Amino acid sequence: MKHTIGWTLVLALILAAAPADAAVRNVIVMISDGWGQSQLDATAYWHGERQPYESGAPWHRLGMTTYMRQEGWEHPPYGGNGFAGIHGYDPAQAWSDWEYQQNHVTDSAAAATAMSTGVKTYQGAIGYGVGDGTDGGRERLRHVSEAAESLGLATGVVTSVMLSHGTPAGFCAHNIQRENFAAIAREMIYDCGLEVVMGAGHPNYDRNGGWAPGDSTRAGYWAFVGGLETWLDLEAGTAGGETPWTLIDDLAGFKRLATGGDVPARVFGVAPVRHTLQWERDGLTTYNDPEPPYATPRIETVPTLALMTRGALKVLERDTDGFFLMVEGGAVDWAGHGRTLGRLIEEQDGFNAAFDAVVEWVEAESGWDETLVIVTGDHECGFLWGPGVDPGDAGTWFAPIVDNGRGRMPGFRFYSEPNGPDEDAGHSNEVIPFFCRGYGSERLLAAADETDPVMGPYLDNTELALAIFALYDELAGERREAESLQESGPQR
Ligand SMILES: [Zn+2]
């Protein structure tokens with residue numbers, strides 16, 4: 001007995017002497033769906049200032065490539081001419097050919113899967129790789145959130161669009177096609193082991209946050225939350241097995257959670273609005289209209305992405321081992337498709353406020369010596385540049401966004417028109433901005449071993465996942481070491 005106590009003391013001294021940053025505790029990945037450098041510039045010019053992550057040390061800045069694997073069946077801008085394989089990104093062609101970056105782009109599902117599993121995959125894939133190609137056979141992939149779960153960490157996804165949409169799904173679920181919303185939501189609810197799921201997609205509210213009860217005979221109303229039966233289980237508090245989900249679906253509930261009152265073990269948060277927190281509300285303008293942000297009053301009954309993020313952190317911090325969290329500003333992309341820069345700036349503001357909430361949490365409740373924060377996108381959307389580009393005149397290409405001063409709309413134009421000027425814009429294959437800070441950042445910096453003449457050193461989206469997997473391998477190693485010390489101790 002005396003011997004055991006002595007050993008416990010020795011172990012405690014060893015652990016106390018070990019550096020505090022021996023392994024990662026929390027990983028927070030923030031994704032502005034659809035951002036590129038021009039989207040950041042436009043937001044900065046409107047506000048007259050840059051965001052903290054854009055302002056240099058202690059934040060690291062890199063670029064990231066986003067392209068996917070193509071199988072030959074994709075339509076422009078995702079693919080074309082039957083090309084199959086990985087088209088990739090060539091910095092020399094990117095800046096000597098106006099069309100180059102507008103083709104062979106990724107969609108959000110393939111991009112999220114790449115960032116979450118480390119594998120390039122096909123358009124629409126949720127946690128699946130191309131597989132062997134026989135009978136359309138697909139390969140089930142492992143997410144970083146699954147590695148976190150296997151280590152006993154808490155996990156969560158938060159988004160400003162439907163909770164079962166491409167990006168949140170692409171960080172935890174498995175489905176061969178992103179459009180299978182109900183099945184994807186059910187996997188997130190019953191199988192993924194998540195502690196937090198939050199987003200829009202409420203069956204009983206319209207796009208303006210008005211009460212519009214779902215039609216029980218039409219499956220579409222209930223798809224984003226897993227179907228009518230699953231929704232009724234969520235409302236009854238019975239969905240989710242041993243530790244059922246607590247459903248929060250009103251603003252008061254989100255506010256209560258964010259202030260830390262009565263924090264449940266698992267929270268399924270559905271903002272009371274149809275598809276997006278704010279982007280889809282009335283007052284949308286036409287393509288390339290220079291209407292400023294906030295010209296139409298915001299919906300007052302819907303939580304912000306920042307409020308949801310604060311609540312998510314309250315739930316996840318209950319796990320003393322740490323957590324993995326993905327936060328998506330999902331409608332930046334929708335604003336890019338719709339070529340609505342005013343609304344895009346609004347969505348960037350929402351994302352940036354969520355970023356502020358994350359930083360506040362790290363500094364108050366954790367620390368940069370145990371938490372890694374990554375701030376990036378998944379692909380650019382809209383091919384946004386300054387006005388006046390003539391595709392036939394190389395001297396006008398890649399014109400920068402024009403700074404017209406604080407509170408004035410910058411000079412801009414969305415150039416992506418894959419299906420013509422009267423259709424939505426598409427994604428591009430640009431190298432997008434990537435920022436990181438905290439424990440393990442050096443792994444990401446080391447991965448950025450290629451250089452773009454405009455965007456500087458860059459890594460690939462798959463390397464984001466590989467870095468996080470490496471951090472979790474390291475954490476598993478630390479655990480094994482501590483356990484073997486503990487086990488071998490008393491016997492000596
Ligand atoms: Zn998109």
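**Labels and their cut-offs**

Guide: Tyr-294 sits in the loop between β10 (267-270) and α10. This is a predicted model, in which local features need pLDDT of at least 70 and side-chain atom pairs count only at pLDDT 80 or more, while totals for chains, interfaces and linings use all residues. Residues are numbered from 1 along each chain as its sequence is written. Helices (H or I, at least four residues) and strands (E, at least two) are DSSP runs, numbered from the N terminus.

Visitor: What makes Tyr-294 partly exposed?
Guide: A residue is buried if 20 or more other C-beta atoms lie within 10 Å of its own, exposed if 12 or fewer, and partly exposed in between, with C-beta atoms placed from the backbone. Tyr-294 has 13 other C-beta atoms within 10 Å, so it is partly exposed. Its phi is near 65°, a positive value in a residue other than glycine.

Visitor: Why is Phe-383 called buried?
Guide: Phe-383 has 27 other C-beta atoms within 10 Å, and therefore it counts as buried. Phe-383 also has a positive phi, about 50°, although it is not a glycine. Its place is the loop between β12 (371-381) and β13 (384-385).

Visitor: And how do you know which class Leu-151 belongs to?
Guide: Leu-151 has 17 C-beta neighbours inside 10 Å, so it counts as partly exposed. This residue is in the loop between α5 (144-150) and β7. Leaving out residues up to four places away in sequence, Leu-151 touches Tyr-472, Leu-475 and Ala-476; a contact here means C-beta atoms, placed from the backbone, within 7 Å. The C-alpha atoms of Leu-151 and Trp-397 are separated by 49 Å, and these two residues are 246 residues apart along the chain.

Visitor: What makes strand β11 mostly covered?
Guide: In β11 (residues 323-329), seven of its seven residues are buried. Phe-323, Leu-325, Val-327 and Gly-329 point one way, and Phe-324, Met-326 and Glu-328 the other way. In a regular strand the side chains alternate between the two faces of the sheet.

Visitor: How do you know that β11 pairs with β1?
Guide: Two strands pair if DSSP finds at least two bridges between them. Strand β1 (residues 26-34) and β11 have seven bridges and run in the parallel sense, with Ser-32 opposite Gly-329. Strand β7 (residues 154-162) is also parallel to β11, joined to it by six bridges, and Thr-155 stands opposite Phe-324.

Visitor: Why is α9 called oblique to α10?
Guide: Axes are lines fitted to C-alpha atoms, for helices over the stretch in contact, and angles run from 0 to 180 degrees between N-to-C directions. Angles under 35 degrees count as roughly parallel, over 145 as roughly antiparallel, 65 to 115 as roughly perpendicular and the rest as oblique. Helix α9 (residues 251-258) and helix α10 (residues 305-316) pack at an angle of about 50°, with axes 7 Å apart. That makes α9 oblique to α10. The residues of this contact divide into five nonpolar, one polar and three charged, where Ala, Val, Leu, Ile, Met, Phe, Trp, Tyr, Cys and Pro count as nonpolar, Asp, Glu, Lys and Arg as charged, and the others, Gly among them, as polar.

Visitor: Then what makes α10 roughly parallel to α12?
Guide: The axes of α10 and helix α12 (residues 341-365) cross at roughly 30° and come within 7 Å. That makes α10 roughly parallel to α12. By class, their contact has nine nonpolar, two polar and two charged residues.

Notes: Two residues are in contact if their C-beta atoms, placed from the backbone, lie within 7 Å.
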